[in-house]
Amino acid sequence: MDTSPAKKRLGAGTSPANFTTDRTSQKSTRYRHATEQRRERLVLFAGVAKCALPKSYHERDMVMELAEKISSELDLIKADAPDESIADNAVLRAAEACRSWLDGSLTQSRKRRESVLYSAHAGLLRFVAYRLEQLSKDAGDSRFGRLPVRFILPFLSNLKPDRADEDIRVDCPLRACQDTSTAEKGVRPDYKDILLMAESKWSVHEQNTAYDQVIRYTRQMYACQPNRRFAWGVTMCRTLIRVVLLTNDYLISSEDMDITDLAGRTAYISFIVSLCYCTDYELGYDPTVVWNADKKYWVIKCPDSTAAKDGEMRVVNYYALKPIFEAERLFGRHTRGFAASLDPNLVDEPDTFIKDSWPYESSDSQHTSRNELDILRDIEELIGEDMMDELGIIRATNGGTVSFNKAGNLVNDDTSNIMEPIFADFETALCETPSVPIISKGRASAEENLIRNILLRVHRRLALQPLGRPLHTLKSPYELIIVLADVMVAYSTILKTSGYLHRDISTNNIMVVGDGKRIHGLLIDFDYTVKTGEARLAIAERTGTLPFMSISNLQNSKVQRSELDDWESLLYVVCWLGVHGVNQDEQVAYRQEIDAMCSDDEFYRPPLAKWEAGTFDDVAVAKKNDLEDDESFNDRVLQYFQEGAAYDELKDMARSLRFALFANPELSLLYSGVSAIRDIPDKPASRKGAKILGKSVKAIEKGVKTLKIGAQAFGKSAKTSRKGAKASEIVTSRGSGSYSERFSIKYVNPFEKRLELDARNQINDDILALMDYFKDAAIAALHKMPTSDF
């Protein structure tokens, strides 16, 4: 009989604050996240479809005339008096498929299902495509003599698209075709080929649900289309249609277009015809990232920074097989990364990392994100070339703002150009939408600047060397420890030498260089970087990647950000990879295990799930609860780490980092999870307060022991002894009965007043010593492992 203790089920437990208390399934979490995004980012703007219109005035007029003609033809068909020129059977079949939708009789159908809307909408799209093709080929009418660039046709409806990362069917995905030959053929949807998503609902009261689903589907389009800049969407609630533009920051929706009404139908058909004639740029594609179908690689045009210095605008072509990471979030910077080469013949031996992103830009210098190219070159100048090489700090070889030819003029790619026809009026609409947060209330000196801070993003692209690879390519936690130690040494050197705070330490921004026993870490992505002392650093703003943001950052605290926030982010990176697994195989196995548990129990909540879902405040509360004391940290985080000696070492690193940041004697008890409130003499502390105090004292004792071990490994025993003695005094004096009689204890944010601390540099050095200690131990462990394991 097996008497060994059973491994605790992931997420299970008796703690009232356990992961399962949220009682939310994975599916519900995704829906909730989409709902939150819609509530925060939805802006109603009647003229949004103008952004799809061709830029040429002649073509705009042609689009409007075509839309009016096709709409009037449908009006005649609806009245059983079709135009005599329409004799083609395919056109008539398409018209018949949508006729009951146009005349409103479909709403009286007993088949009150969304599927009838799929068929009707598909029929309308086919009719428009057929008539556009016929009218543009009609030599007798020179007004419509130009063939469309593309035709908009439906994929098969109600199917799960290929390359989907969640098991969900989509209603009416649309595709772009060169002709109408496949109009009546069933084509299975694939996220890499979907032009836009159309979501249908039978009830007019389900408009918000339709928005939410468009958000969910479009997110996957971004992940599967490396050249996607923005996206269009359509919602259909019975006979009411809305056109949606999804930018980096907003979900911009038109007003209702009633398909049974001539004006509403004409407006929607005008949008579809615009999509047929506009450029790829207006469709949301990037003309500077092109797939070469013959050679099977991407051609990426990167700004030549050398030419930019001379006042010229030139580009350098790079070649990449595929992105090494995609833009997986619908809103935000849409950062993508490619492993690329300057030589197309060496595309399978890349040596350059191409970073493509959309950071904020503003006329207000307090909010504008500094150009990453300038930051990297500034760091190189201040640190020196030799030190850059020694530390493995990334360099920019080319880069700048992406530009393209628009109507004969070279323009920068930014959100003002995307929304050019409506840009000025949209600012006004934004002011009149109180539900949409703009940066933060009261954070700008003028309303106009406040709007532009969030509205304007600029498309930037950098060519960086050396080329790193993602963390999931590591083979063990020992390698991870070495990589993290290297990265934070480089981080601290940059901070001390040039004064730059990174402010986005995350799993995506730490790369790996080398392999086997000669591995090294690489810190990338300086988009959020600011210099200590800059005015904007004193402004509360949230920066970073949600699961790895510090508690103070999540709460948008007025406390000035410091290196302690970045070290806290590193702690979350360690915990995240400890639970999910370091390498790709472990992460896949973990995901499969979680999926199986979710299938068995729809209310199952995986560990750390609350770190990546919900509002900023929700995530902050979850992290506070998880890191409140040793017991909570162990029960809610550490016990879910993967198994093995290497992961035990990773656990020890996590414990040491938590202690240094949340229970460090240099911070004093006032800043380590509890706050002593004076002016309550001779009043015994509550039982709860005494319990919290006891846990804090234990944390200090354990943490000091860890610090001693780490410091002694580097010959700093004397210094640590003094520090240990000082810590012992704190433990002895503040853990005594007289202390309990004089103070009342309560939990607070440990970093609430960290600006007042003079010990930040010492804390930084202590943590670096710990990282070195763990790195040495990891190197020793790797050297004992057989070479075949690498």
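These are my notebook entries on a predicted model of a protein chain.

**Ground rules**

I number residues from 1 along each chain as its sequence is written. In this predicted model local features need pLDDT of at least 70, side-chain atom pairs count only at pLDDT 80 or more, totals for chains, interfaces and linings use all residues, and side-chain values use heavy atoms, with hydrogens and water left out.

**Entry: the whole chain**

I began with the secondary structure. The protein chain has 24 helices and 23 strands. Helices (H or I, at least four residues) and strands (E, at least two) are DSSP runs, numbered from the N terminus. Next I looked up burial. Of the 790 residues, 57% count as buried. Buried means under 20% relative accessible area, exposed over 50%, and partly exposed in between, with a 1.4 Å probe and protein chains only.

I then checked contacts, meaning heavy atoms within 4.5 Å. Among contacts between residues at least 6 apart in sequence, 72% join residues at least 24 apart. The chain exposes about 33500 Å², and carbon and sulfur atoms supply 48% of that area. Accessible areas come from the Shrake-Rupley method with a 1.4 Å probe; for residues, only the protein chains shown count as cover.

I turned to helix pairs. Two packed helices are described by the angle between their axes and the distance between the axes. Axes are lines fitted to C-alpha atoms, for helices over the stretch in contact, and angles run from 0 to 180 degrees between N-to-C directions.

Helix α2 (residues 57-78) packs on helix α6 (residues 262-277) at about 130 degrees, with the axes 8 Å apart. That angle makes α2 oblique to α6. My cut-offs: under 35 degrees is roughly parallel, over 145 roughly antiparallel, 65 to 115 roughly perpendicular, and the rest oblique. The contact of α2 with α6 has eleven nonpolar, five polar and five charged residues. For these classes, Ala, Val, Leu, Ile, Met, Phe, Trp, Tyr, Cys and Pro count as nonpolar, Asp, Glu, Lys and Arg as charged, and the others, Gly among them, as polar.

**Entry: α14 and two partners**

How do α14 and α16 lie to each other? Helix α14 (residues 477-498) and helix α16 (residues 563-580) pack at an angle of about 170 degrees, with their axes 12 Å apart. They are therefore roughly antiparallel. On the α14 side I found residues including Leu 480, Leu 484 and Met 488. On the α16 side, Trp 567, Leu 570 and Val 573 are among them. The contact has ten nonpolar, one polar and two charged residues.

Helix α9 (residues 372-383) also meets α14; their axes come within 10 Å and cross at roughly 80 degrees. That makes α9 roughly perpendicular to α14. Ile 379, Leu 382 and Ile 383 of α9 make this contact with Ile 494, Thr 497 and Ser 498 of α14. I noted four nonpolar, two polar and no charged residues there.

Gln 207 lies in helix α5 (residues 207-224). Gln 207 is buried, at 10% relative accessible area. Leaving out residues up to four places away in sequence, Gln 207 touches Thr 235, Cys 237, Arg 242 and Asp 256.

Ser 254 sits in the loop between β7 (251-253) and β8 (257-258). With 1% relative accessibility, Ser 254 counts as buried. Its C-alpha atom is 4.4 Å from that of Ala 46, 208 residues apart along the chain. Beyond four places in sequence, Ser 254 touches residues including Leu 44, Phe 45, Ala 46 and Arg 242.

Met 549 is in the loop between β21 (530-531) and α15 (551-554). Met 549 is buried too, at 3% relative accessibility. The C-alpha atoms of Met 549 and Ile 505 are separated by 8.2 Å, and the two residues are 44 apart along the chain.

Most residues other than glycine have a negative phi, and most peptide bonds are trans. I looked up some exceptions. The peptide bond from Gln 465 to Pro 466 is cis, with omega near 0 degrees. Pro 466 lies in the loop between β17 (460-465) and α14.

Lys 296, not a glycine, has a positive phi of about 65 degrees. Is Lys 296 buried or exposed? At 52% relative accessibility, Lys 296 counts as exposed. Leu 608 has a positive phi of about 65 degrees as well. Leu 608 is in the loop between α17 (584-600) and α18 (616-627). Leu 608 is buried, at 0% relative accessible area.
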